Amino acid sequence: MILLLLSAWCFCGTAAPLAVNDTAPEFSLSALDGINKVVLDDYKGKVVYLDFWASWCIPCRRSFPFLNKLKAQYADKKFEIISINLDQDASDAKQFLTQYPVLYPVAQGYNSDIQSLYNVLVMPTAYIIGKDGIVRIKHLGFKESQQAYIEAIVDKLVSEF
């Protein structure tokens with residue numbers, strides 16, 4: 001009986017993981033440059049590709065050129081990519097970005113609650129958020145064969161209302 005009560009108590013205190021059709025949790029993080037802020041609310045009315053990554057992530061290296069292409073392709077269509085680095089040491093991320101530069105904002109997410117808010121367990125993890133702030137897609141990992149699928153989702157969402 002005590003175990004049953006303890007397990008019920010633990011379950012009640014745990015938030016459900018973020019899922020498709022949930023409102024994307026707001027955040028305000030320091031940009032990797034240490035000067036600016038990256039705030040999700042600043043992108044209301046845009047489709048947002050929210051990309052979680054780390055410098056040690058091999059698939060992340062393959063995703064960055066594609067994300068730069070996507071950013072350029074939809075630059076005039078109310079589309080933005082926000083990159084959130086989860087490296088413990090920001091210098092690792094900065095060095096990574098010298099080899100794989102990006103055309104979009106990069107925030108530092110280590111030492112924040114962003115990883116748990118967005119239930120990030122795999123690198124890379126991406127959320128595509130509609131103009132209405134609702135999570136439309138959660139995407140784990142990255143393979144070149146998935147590029148057309150991701151592009152089709154973005155194309156559909158930027159065309160909505």
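Val 122 is placed in the loop between helix H4 (114-117) and strand S6, helices (H or I, at least four residues) and strands (E, at least two) being DSSP runs numbered from the N terminus. With a relative accessibility of 35%, Val 122 counts as partly exposed, a class that lies between buried (under 20% relative accessible area) and exposed (over 50%), as found with a 1.4 Å probe and protein chains only. Together with Leu 121 and Leu 140, Val 122 forms a nonpolar patch on the surface, with about 300 Å² of accessible area in total. Such patches are made of residues with over 30% relative accessible area and no salt bridge, nonpolar side chains (Val, Leu, Ile, Met, Phe, Trp, Tyr) being joined within 5 Å and like charges within 9 Å; the areas come from the Shrake-Rupley method with a 1.4 Å probe, and for residues only the protein chains shown count as cover.

The model is predicted, with local features requiring pLDDT of at least 70 and side-chain atom pairs counting only at pLDDT 80 or more, whereas totals for chains, interfaces and linings use all residues. Residues are numbered from 1 along each chain as its sequence is written, and side-chain values use heavy atoms, with hydrogens and water left out.

In the largest nonpolar core, which has 50 residues, Phe 27, Leu 50, Ile 84 and Tyr 118 touch the most other members; a core of this kind is a set of buried Ala, Val, Leu, Ile, Met, Phe, Trp, Tyr and Cys residues joined through side-chain atoms within 4.5 Å. Elements that each supply at least two residues of this core include strand S4 (79-85), helix H3 (90-99) and helix H5 (147-159), while S3 gives the most, with six residues. Beyond residues up to four places away in sequence, the contacts of Phe 27 include Leu 50, Ile 84 and Tyr 118, contact meaning heavy atoms within 4.5 Å.

The structure holds eight salt bridges, each defined as a side-chain nitrogen of Lys or Arg within 4 Å of a carboxyl oxygen of Asp or Glu. One of them joins Glu 144 and Arg 62 at 3.8 Å, N to O, and this pair links distant parts of the chain, with Glu 144 in the loop between S7 and H5 and Arg 62 in helix H2, 82 residues apart.
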